[in-house]
Each structure stands twice: as C-alpha cells, then as structure tokens.
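Colleague: I am new to reading protein models, and I would like to go through this one with you step by step. Could we take the surface, the helices and the charged pairs in turn?

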Amino acid sequence: MRQSKHIWVLLALTVALVGPVGADFVNGADAERTVAGRSLVEWSTELHSSSPVVRRRAVLSLGAFGKSAVPELMKALSHEDLVVRYWAASALGDLGEDAKSALEPLRKVHNEKSIGVRIAAAYALCWVGQVEEGRDLVIDERCVSQLTG
C-alpha cells in the first residue's frame, strides 16, 4: 500500500509542478498552420513511416497544432510503437481541456503493459478533469508489483 501512495504522490506532484506543457503555445493553433515546415496532415502521415525516428518526431510535433491534432493523437494511442503511444498520451495531457474528446481512448490504456504509457495516459486524464481515473490508471496491482519486484 505504501508503494501505491508513493506513485500517487509522484503523479500528483508531476501534474501540479509541470502543468500542461506548452498550453500557451497551442492555444488558438489550427490545422492550417505549419510546424517545422509541415502541416498537420503531413506530420500525421509520418506516423506511418517505417523509421522509428520519423514516427517519433511526428508524434512530438502533433501537439503543437492544438485541439485540431486531437483526432490524430487519439489514433496514435493505439500505434504499434510504444514510444509513439507514450508521446501521444503526453501530448493529449499537455492540451488539457482541449483533449476532452480523447477520454475513451485514454481510458482504454488501462490494459497497457508499459507503465510509462499508463503514467502518460494518467497525466492526460488528470488534465482533462478525470483525476480519480488518472490515479486509478497507475495504482493497480500490476504497477505495485513492477515497483516492488
């Protein structure tokens, strides 16, 4: 039980101290703008690249498009690349209330094997107003057993 409490405290501190990273930058962003010379559609297409570097660069760029990137980030939550799933969940958390339409895909991350992806999804759930769900996503028996060995 003590381990569970530590995980919750760590998550709460992270959310409280970091906040939705880049929120000032993404407010008002739309699909017509470009990030690093590419449109939302171009970055979204790169999520299907055979190169892990290209896929990861793409998912990291999507959040800068703000609310208009939410549908693509939701799709990325089920990507085969673990790192893409992690950064998609993190980007949704950074978007805060603008990512509220991603609640269902974020909830499905509960069965994710990677604790990192689950923590990123918990971060996102907290920032879209579902703090208890976010907490429950990381505080379960699998998580405690991974930490305690």
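Predicted model: local features only at pLDDT ≥ 70, side-chain atom pairs only at ≥ 80, totals over all residues.

Colleague: Which residue forms a salt bridge with Arg107?

Modeller: Side chains of opposite charge can pair when their charged atoms come close. For Arg107 the closest N and O atoms of the pair are 2.6 Å apart. The pair links distant parts of the chain, since Arg107 lies in helix α7 (residues 103-107) and its partner, 26 residues apart from it, lies in helix α9 (residues 131-138). That partner counts as partly exposed at 28% relative accessibility, and its name is Glu133.

Colleague: Is Glu46 buried or exposed?

Modeller: Glu46 forms a salt bridge with Arg38, with the closest N and O atoms 3.5 Å apart, and Arg38 is partly exposed, having a relative accessible area of 27%. The cut-off for a buried residue is under 20% relative accessible area. Because Glu46 has a relative accessibility of 18%, it counts as buried.

Colleague: Which residue joins Arg38 and Glu46 in one network?

Modeller: The structure holds nine salt bridges. Some salt bridges share partners, and in this way Arg38 and Glu46 are joined into one network with Arg57.

Colleague: Where in the chain is Asp81, the salt-bridge partner of Arg55?

Modeller: Arg55 and Asp81 form a salt bridge whose closest N and O atoms are 3.1 Å apart. The pair links distant parts of the chain, 26 residues apart, with Arg55 in helix α4 (residues 52-62). Both Arg55 and Asp81 are buried, and Asp81 is placed in the loop between α5 (70-76) and α6.

Colleague: Are α6 and α8 roughly parallel or roughly antiparallel to each other?

Modeller: Two packed helices are described by the angle between their axes and the distance between the axes. The axes of α6 and helix α8 (residues 115-127) come within 7 Å and cross at roughly 15°, and the crossing is left-handed. Angles under 35 degrees count as roughly parallel, so α6 and α8 are roughly parallel.

Colleague: Which residues make the nonpolar surface patch of about 270 Å²?

Modeller: One member, Tyr86, has its place in helix α6 (residues 82-95). Patches are made of residues with over 30% relative accessible area, and Tyr86 is partly exposed at 31%. The patch of about 270 Å² is made by Tyr86 together with Leu60 and Trp87.

Terms used. Residues numbered from 1 in each chain as written. Heavy atoms only, no water. Patch = residues over 30% accessible without salt bridge, like charges linked within 9 Å, V, L, I, M, F, W, Y side chains within 5 Å. Areas by Shrake-Rupley, 256 points an atom, 1.4 Å probe, with all protein chains shown as cover. Salt bridge = Lys/Arg side-chain N within 4 Å of Asp/Glu carboxyl O. Helix = DSSP H or I, 4+ residues; strand = E, 2+ residues; numbered from the N terminus. Buried < 20%, exposed > 50% of the residue type's maximum accessible area, 1.4 Å probe, protein only. Axes fitted to C-alpha atoms, helices over the stretch in contact; angles between N-to-C directions. Parallel < 35°, antiparallel > 145°, perpendicular 65-115°, else oblique. Left-handed = near helix turned anticlockwise from the far one by under 90°.
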